[in-house]
Amino acid sequence: MSNRSDIAPDTVSVELTEDGVVVEYLDGRQAFYHGVPTAVEGSIQTAPGKDTHVLITDETETSGILVYVNDLRTHDDILEETGVGRVILDDGEEDELFPGVTVRDNQMRTKVEVDYDVTNGRVFVFEEDELGERSFEIVEA
């Protein structure tokens with residue numbers, strides 16, 4: 001049984017480069033998500049059992065919020081220090097990460113849906129495990 005909890009995200013710095021996406025945490029450290037994200041329309045469902053990170057930028061594309069979905073390894077205090085949020089979902093449960101951006105758990109898969117009538121930033125989904133990583137940008141259908 002995990003004692004992990006939902007953590008509200010803070011605004012972090014974002015840089016979109018030709019090689020990938022850089023997120024600067026509140027503590028000054030950076031995470032680099034490799035590769036240009038693959039564009040998918042409207043929504044994406046991750047492979048089962050993958051770590052899922054959702055980045056929602058503002059309209060300037062220089063800041064945003066980063067949320068880990070169903071992450072049970074990272075301690076609450078680390079997330080709070082970095083500004084990264086977390087949402088824990090049971091199978092079949094859904095949550096709105098940001099107006100217009102919804103995540104749903106479905107048998108160890110995460111489905112991320114975007115309503116661009118509501119949100120005006122960009123939405124990236126990073127899927128990773130010890131074998132590799134994939135990145136996606138959900139674009140308007």
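Me: How many cavities of 30 Å³ or more does a search of the whole structure find?

Reply: The model is a predicted one. The search of the whole structure finds one cavity of 30 Å³ or more, and about 30 Å³ of space lies in the largest cavity.

Me: What makes a residue part of the lining of the largest cavity, and which residues are these?

Reply: A lining residue has an atom within 4 Å of a cavity point. Tyr33, His34, Phe126, Glu127, Glu128, Glu133, Arg134 and Ser135 line the largest cavity. The strands β3 (30-34), β12 (123-129) and β13 (132-139) each supply at least two residues of this lining. By class, the lining has two nonpolar, two polar and four charged residues.

Me: Why is the aromatic pair of tyrosine 33 and phenylalanine 126 called stacked?

Reply: Rings pair if their centres lie within 6.5 Å, and planes under 30 degrees apart count as stacked. For tyrosine 33 and phenylalanine 126 the values are 3.8 Å centre to centre and 10° between the planes, and the pair is therefore stacked. Tyrosine 33 lies in strand β3 and phenylalanine 126 in strand β12, so this pair ties together parts that are 93 residues apart in sequence.

Me: What makes phenylalanine 124 and phenylalanine 126 a pair?

Reply: Their ring centres are 6.4 Å apart, which meets the limit of within 6.5 Å. Their planes stand at 10°, so this pair is stacked. The count comes to two aromatic pairs, and ring pairs link Tyr33, Phe124 and Phe126 into a cluster.

Me: Are tyrosine 33 and phenylalanine 126 buried or exposed?

Reply: Both tyrosine 33 and phenylalanine 126 are buried, and phenylalanine 124 is buried as well.

Key. Residues are numbered from 1 along each chain as its sequence is written. This is a predicted model: local features need pLDDT of at least 70, side-chain atom pairs count only at pLDDT 80 or more; totals for chains, interfaces and linings use all residues. Side-chain values use heavy atoms; hydrogens and water are left out. On a 1 Å grid over the protein atoms alone, a cavity is a set of points where a 1.4 Å probe fits but cannot get out, and a pocket is an open set with protein on both sides within 12 Å along at least five of seven lines; lining residues have an atom within 4 Å of a point. Grid points are joined across faces, edges and corners, and a volume is the space filled by probe spheres set on the points. Helices (H or I, at least four residues) and strands (E, at least two) are DSSP runs, numbered from the N terminus. Ala, Val, Leu, Ile, Met, Phe, Trp, Tyr, Cys and Pro count as nonpolar, Asp, Glu, Lys and Arg as charged, and the others, Gly among them, as polar. Rings of Phe, Tyr and Trp (its six-membered ring) pair if their centres lie within 6.5 Å; planes under 30 degrees apart count as stacked, over 60 as edge-to-face and the rest as tilted. Buried means under 20% relative accessible area, exposed over 50%, partly exposed in between (1.4 Å probe, protein chains only).
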